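Biologist: I would like to learn how to read a structure. Can we go through it feature by feature?
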Amino acid sequence: MKFGDGVEQAIHSVAMLAGLGKGQVLSAAALAEFHGISPSYLLKHLQALSRAGIVATVPGPKGGYHLAKTPKEISLLDVVLAVEGPEPAFRCKEIRRNGPNPLPEKYYSAPCQINAAMLRAERAYRAELRQVTIADLLAQVTKDDDGSLAARSCAFLDANVRTQS
């Protein structure tokens, strides 16, 4: 399984927004600059996060994004589903019915074992991602930080955070 680059970008953006105070927002351009990524590509993912209720948008020239939920309420699965969509990674096309000599219908009454195994794997990875919240990630980063990460983030936030009145 392979996630698109947008998943990583969205998780990092949500984690950065988690550091904002009440009434503060960051523009999509600032988030893109901090992560060294395309603003237009990130904007697409921020819109998906907004539709999913993970981030909220403040319109206008001094607007931007902030979290719509607390970091503890946002799981990695929430972000993945917002960006990638709810469809399973594996989609069985029932190719066993193809070919020059297909079997009678009675052999297709149950899902094929390949599909069943892939769906079990899907449930397992989703269960794992559901257990990890943005708050969990931030707690681990804070624990492991020697001060360098905080200094980098704080300097950038000081220069780019917009405060709403």
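Biologist: How far is the sulfur of C112 from the closest cysteine sulfur, and in which residue is that sulfur?

Modeller: One caution comes before the answer: this is a predicted model. Now the general idea. A disulfide is a covalent bond between the sulfur atoms of two cysteines. Here, the closest cysteine sulfur to that of C112 is in C92, 4.2 Å away, which is too far for a bond. The cut-off is 2.5 Å. The count of disulfides comes to 0.

Biologist: Is C112 buried or exposed?

Modeller: Look at the relative accessible area. Under 20% is buried, over 50% is exposed, and the range in between is partly exposed. C112 has 13%, so it is buried. Now take another cysteine, C154. Its relative accessible area is 44%, so C154 is partly exposed.

Biologist: How many of the lining residues are nonpolar, polar and charged?

Modeller: The lining of the largest pocket has 11 nonpolar, 5 polar and 2 charged residues.

Biologist: Next, the core. How many residues does the largest nonpolar core have?

Modeller: It has 33. The residues with the most contacts inside this core are V14, L17, L26, L49, I54, V55 and V79. Several elements give two or more residues to the core: α1, α2, α3, β3 (64-67), α4 (76-84), α5 (113-131) and α7.

Biologist: What does V14 touch, beyond residues up to four places away in sequence?

Modeller: V14 touches L49, I54, V55, L67, I74, V79 and I134.

Biologist: Where does L46 lie, and is it buried or exposed?

Modeller: L46 is in helix α3, residues 39-51. Its relative accessibility is 0%, so L46 counts as buried. Set aside its neighbours within four places in sequence. L46 then contacts S13, A28, L31, V55 and Y65.

Biologist: How far apart are L46 and K106?

Modeller: L46 and K106 are 60 residues apart in sequence. In space their C-alpha atoms are 47 Å apart. Now try V80 and L26. They are 54 residues apart along the chain, and 21 Å separates their C-alpha atoms.

Biologist: Is V80 buried or exposed, and what is it in contact with?

Modeller: V80 sits in helix α4. It has 4% relative accessibility, so V80 counts as buried. Its contacts, leaving aside neighbours within four places in sequence, are F3, V7, G85 and L129.

Biologist: Now a charged residue. Is R126 buried or exposed?

Modeller: R126 is in helix α5. Its relative accessible area is 15%, under the 20% limit, so R126 is buried. Beyond residues up to four places away in sequence, R126 touches L77, L81, P86, E87 and P88.

Biologist: And Q9? Is Q9 buried or exposed?

Modeller: Q9 belongs to helix α1. Its relative accessible area is 12%, so Q9 is buried too. Q9 touches I37, Y41, L42 and H45, not counting residues up to four places away in sequence.

Biologist: Last, backbone angles. What is phi of E94?

Modeller: Start with the general idea. Most residues other than glycine have a negative phi. Phi of E94 is near 55 degrees, a positive value in a residue other than glycine.

Biologist: Where does E94 lie?

Modeller: E94 is in the loop between α4 and α5. Its relative accessible area is 21%, so E94 is partly exposed.

Note on methods: Residues are numbered from 1 along each chain as its sequence is written. This is a predicted model: local features need pLDDT of at least 70, side-chain atom pairs count only at pLDDT 80 or more; totals for chains, interfaces and linings use all residues. Side-chain values use heavy atoms; hydrogens and water are left out. Ala, Val, Leu, Ile, Met, Phe, Trp, Tyr, Cys and Pro count as nonpolar, Asp, Glu, Lys and Arg as charged, and the others, Gly among them, as polar. Buried means under 20% relative accessible area, exposed over 50%, partly exposed in between (1.4 Å probe, protein chains only). Helices (H or I, at least four residues) and strands (E, at least two) are DSSP runs, numbered from the N terminus. Contact means heavy atoms within 4.5 Å. A nonpolar core is a set of buried Ala, Val, Leu, Ile, Met, Phe, Trp, Tyr and Cys residues joined through side-chain atoms within 4.5 Å.
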